[in-house]
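Trainee: I would like to go through this chain feature by feature. Please give the general idea each time, then the case at hand.

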Amino acid sequence: RCKNLSVSFWNSYWMLPSDVCGMNCFWEAAFRYSYMKTHPSEKMHLAVVACGQRLEETVTMLRSAIIFSIKPLQFHIFAEDQLHESFKDILDGFPYEGKVNYTLYPITFPTESAAEWKKLFKPCASQRLFLPLILKNVDSLLYVDTDILFLRPVDDIWSFLGKFNSTQIAAMAPEHEEPRIGWYNRFARHPYYGVTGINSGVMLMNMTRIRRKYFKNDMTPVRLQWGEILMPLLKKYKLNITWGDQDLLNIMFFHNPESLYVFPCQWNYRPDHCIYGSNCKEAEEEGIFILHGNRGVYHDDKQPTFRAVYEAIKNYSFGDDLVHSLLQPLELELRKTVHTYCGRVYKVFIKQLTKSIRDLYGRRSKGS
């Protein structure tokens with residue numbers, strides 16, 4: 001792992017990490033560079049589903065994706081009809097500089113079972129299950145929940161597609177790192193992936209492979225394709241699932257474990273990684289890459305570290321100096337949270353952000 005030990009945050013953010021970055025870091029950076037070089041004009045497809053009061057949260061997530069990303073972004077925004085005009089008004093005002101396009105879609109489910117799917121777990125959450133069937137012309141896609149914040153370029157998680165072996169169709173992070181606080185291994189009444197299950201808030205998909213695959217299952221000896229397996233799974237397990245579509249994905253990958261690529265916890269860092277003590281070692285070493293503020297922590301006072309990052313990105317104005325307008329104010333706010341469990345490790349919240357800002361200014365200075 002790349003340990004950026006030389007960074008003391010914004011006071012010395014121009015320091016280069018090469019003197020302390022080992023060979024593992026070198027090869028990881030070399031892989032990303034190689035992937036980007038061989039896919040120079042590739043457009044990255046990012047999908048999100050927004051219902052209810054999720055407009056502001058979704059826009060803040062999209063802002064975080066735009067700030068650092070290198071290759072062009074195509075947003076696929078699935079939203080309730082009453083939110084479409086607001087999305088258009090806000091997104092059309094962003095200074096994309098030709099970097100971003102977006103398409104708005106209605107919320108749609110199979111006609112015969114639409115009401116059942118729409119109410120599963122949270123309003124519209126299960127829409128993500130049908131993305132491979134709706135976006136038929138999209139080869140690969142990064143799906144994220146509305147409460148996601150990117151602290152490094154989308155390009156870097158997108159490059160995991162190049163790491164998939166011949167059987168892998170999707171990538172997700174574990175639900176927990178520490179089994180003693182795990183939900184699935186203690187309470188689940190259905191099959192789940194691995195030791196602690198997987199979290200579907202950040203899901204990278206090779207959708208061409210998903211559409212072609214025939215999945216093993218516990219309902220029939222015949223393997224079923226994606227569009228054939230969803231409703232039978234729901235009918236069998238709907239009385240035993242708590243987290244809706246995420247549980248269905250856990251069941252599917254329990255029976256097809258060879259199809260999943262698992263990425264480390266700093267790509268989907270949630271309050272559970274710090275409120276019971278710091279248990280995401282990769283984030284301790286490298287910082288948080290993608291922040292996931294589930295349980296509404298961006299909007300209450302229970303986890304002020306998460307809320308501080310959210311507010312900083314929400315209030316940042318495109319074009320302003322990232323150090324003085326984002327990084328410095330954020331670190332000052334994070335220092336006020338040291339009385340909380342997550343606040344005790346507040347530096348993991350800005351370690352990667354600091355590097356992302358430095359890298360961005362480095363690219364600009366080179367005219368790239």
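Trainee: Which residues of helix 10 are buried?

Mentor: Buried means under 20% relative accessible area, exposed over 50%, and partly exposed in between, with a 1.4 Å probe and protein chains only. Helices (H or I, at least four residues) and strands (E, at least two) are DSSP runs, numbered from the N terminus. In helix 10 the buried residues are Asp245, Gln246, Asp247, Leu248, Leu249, Asn250, Ile251, Met252, Phe253 and His255. That is 10 of the 11 residues in 245–255, so the helix is mostly covered.

Trainee: What should I know about the source of these values?

Mentor: This is a predicted model, in which local features need pLDDT of at least 70 and side-chain atom pairs count only at pLDDT 80 or more, while totals for chains, interfaces and linings use all residues. Residues are numbered from 1 along each chain as its sequence is written, and side-chain values use heavy atoms, with hydrogens and water left out.

Trainee: What do the buried residues of helix 10 pack against?

Mentor: Contact means heavy atoms within 4.5 Å. The partners of these buried residues are helix 4 (114–118), helix 7 (184–187) and helix 9 (226–237), together with strand 6 (170–174), strand 7 (198–206) and strand 8 (260–262).

Trainee: How is the packing of helix 9 and helix 10 described?

Mentor: Two packed helices are described by the angle between their axes and the distance between the axes. Axes are lines fitted to C-alpha atoms, for helices over the stretch in contact, and angles run from 0 to 180 degrees between N-to-C directions. Helix 9 and helix 10 pack at about 110°, and their axes are 11 Å apart. Angles under 35 degrees count as roughly parallel, over 145 as roughly antiparallel, 65 to 115 as roughly perpendicular and the rest as oblique. Helix 9 and helix 10 are therefore roughly perpendicular to each other.

Trainee: Is their crossing left-handed or right-handed?

Mentor: A crossing is left-handed if the near helix is turned anticlockwise from the far one by less than a right angle, and right-handed if clockwise. The crossing of helix 9 and helix 10 is right-handed. Helix 9 contributes Trp226, Ile229, Leu230, Leu233, Leu234 and Tyr237 to the contact, and helix 10 contributes Leu248, Leu249, Ile251 and Met252.

Trainee: What is the strand order of the open sheet?

Mentor: Two strands pair if DSSP finds at least two bridges between them. The open sheet has 7 strands in the order 3-2-1-4-7-6-8, and the pairing is mixed. Strand 3 (100–105) and strand 8 are the edge strands, each pairing on one side only. Neighbouring strands in this sheet are turned by 25° against each other on average, direction ignored. Helix 3 (residues 84–91) packs on the sheet and touches strand 1, strand 2 and strand 3, with its direction at about 170° to that of strand 3.

Trainee: How does the chain cross from strand 1 to strand 2?

Mentor: A crossover is right-handed if, with the strands pointing away from the viewer, the path from the first strand over the helix to the second runs clockwise. Here the chain passes through helix 2 (residues 55–68), and this β-α-β crossover is right-handed. Strand 1 is also joined to strand 4 (residues 140–144) by 2 bridges, again running parallel; Ala47 stands opposite Tyr143 there.

Trainee: What is the phi of Arg295?

Mentor: Most residues other than glycine have a negative phi. Arg295 has a positive phi of about 65° although it is not a glycine. Arg295 lies in the loop between strand 9 (290–292) and helix 12 (304–315), and is exposed, with a relative accessible area of 52%.

Trainee: Is Gln53 buried or exposed?

Mentor: Gln53 is exposed, with a relative accessible area of 77%, and sits in the loop between strand 1 and helix 2.
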